[in-house]
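Please read the following report alongside the sequence and the structure shown here.

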Amino acid sequence: MRTHARLCALAATLVLALLSTGTAHAADASETLWLCHPALNDDACDGSLLTTVQEPDGTTRTEDAAAPADPPVDCFYVYPTVSNQPGPTATKTNEPEVQSIARYQAQRFSQQCRVVAPVYRQGTVAGIFTGGFTDATRHLAYDDVLNAWKDYLAHDNRGRGVVLVGHSQGTGILRRLVREQVDPSAAMRARLVSAVLLGGNVTVQKGRDRGGDFANVPVCAKSGQTGCVIAFSTFLDDPPDDTRFGRVPTGVDRLTGLPPRTDTEVACTNPGSLAANAETPFTTYVPTAPFAPGLIALSIAQVYAGQAPTAPTPWVQPADRYAGRCQTINGANVLKLRQLPGARHLNASPDATWGLHIVDMNIALGQVQQAVDAQSAAFVRHAAAAKRRPRVKLGLYAGLGRTRSGLRCVRSRTTARVTGPDRPKATRVEFRLRGRRVVLDRKAPFAARVTRSRLTRRAATLTARVTFRDGRTRTLRTPLRACR
């Protein structure tokens, strides 16, 4: 009965969709069609962020969070399954439901980053319920996003840090993009601020912070950590035995096409408490404009058992408040919510196996944004430090004298040592005299002893090649000569 009702709702949705998308622009398959991009006049991720804050005691106030003119980093956003087109694969069309989901999920990230988002030939809503998520469907969607990613890197990135943002099908695509394009490349990992991959079962090896989807990119474990993943799926009621989220699939992964593994588990990171996973009150943000007609609009109504939170401003922080933390319940790792006093119960949609999938991004959007804020600030600091020349110097200690002309010389033996504020970041120092290695030191204090017998009265050059954790090197030099 539940499946029949769901399919009936789907059929009604598709009729509404056909009536609503007739004037949308479709792009050629080889063309990058941007949904969000700084060069667009009708950027779906750009808009007023004026927000009505509804307090549980019934009072209200407004907040206006303006997007900065030049954000320090970029966000590359891939939206979830929203297309109401009939058939398993959507055309590359900038349709109303695509624009609605960008407003719901990505628009507020304009406070942290310059948002770019491609339109892609995604698997449709109909495809979810009719077995339409085949390898061919996944490849078409991935190829469009990969081509847009390469287009972005070639023409827009200019070395800036990037936050990857995805949900559901978008997370599935970004899991593959990170696995194939980012994770194997040290240069690309260095450019990754973070990846916000929600509602898509990101995996790690059991008991580890990586080793599932990604060999090198870990899940985030502390505030301000960069190059890591924030991932969760939200549930208010306990996940059922046949939950779609929080548990590694026993068969081929519908989102990625990857075969099952028995040594992995689904990652969950608490955006409000990355280090301690303490229960945190979450800040929910919801747009007040109606979502474009279709299954997503129906699902939002089902979550809220009627009308979604509304206000006279473009955004609302509802009076309904929830707290949560990551928990393993019924074998599923999920972000488990708890209603705070006075909050309404949120219904799973389309059914209990999905949990609150439809509002994964919005329910704790304030904490996700705060996490990205801290990561962006840390990334900018690290980038500035990387451009600065490491502060180290080469000093000589003990056994020194002066020649008749006042030049420093070695009486018996001396110790050369690397010092300076950036020495703790060094991983190895190779000392050479006249081009020949004296010592290769891999731990502090990074020192080499040089005896007078190895020197003449004519100055020779002692060099110290310092290698740092981030791969940079610096070569230091000092002249050495024997005393008479």
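How many strands form the open sheet, and in which order? Six strands form it, in the order β2-β7-β5-β8-β9-β11, with mixed pairing; two strands pair if DSSP finds at least two bridges between them, while helices (H or I, at least four residues) and strands (E, at least two) are DSSP runs numbered from the N terminus. This is a predicted model, in which local features need pLDDT of at least 70 and side-chain atom pairs count only at pLDDT 80 or more, whereas totals for chains, interfaces and linings use all residues. Residues are numbered from 1 along each chain as its sequence is written, and side-chain values use heavy atoms, leaving out hydrogens and water.

Because β2 (34–36) and β11 (228–230) stand at the edges, each with a single partner strand, one side of each is left without a neighbour in the sheet.

Among the pairings are these parallel ones:

| Strands | Bridges | Residues opposite each other |
|---|---|---|
| β5 (73–78) and β7 (113–118) | four bridges | Cys75 and Val115 |
| β8 and β9 (192–198) | six bridges | Val162 and Leu192 |

Strand β8 is mostly covered, six of its six residues being buried, that is, under 20% relative accessible area with a 1.4 Å probe, protein chains only. Val162, Leu164 and Gly166 point one way from β8, and Val163, Val165 and His167 point the other way.

Conventions: Buried means under 20% relative accessible area, exposed over 50%, partly exposed in between (1.4 Å probe, protein chains only).
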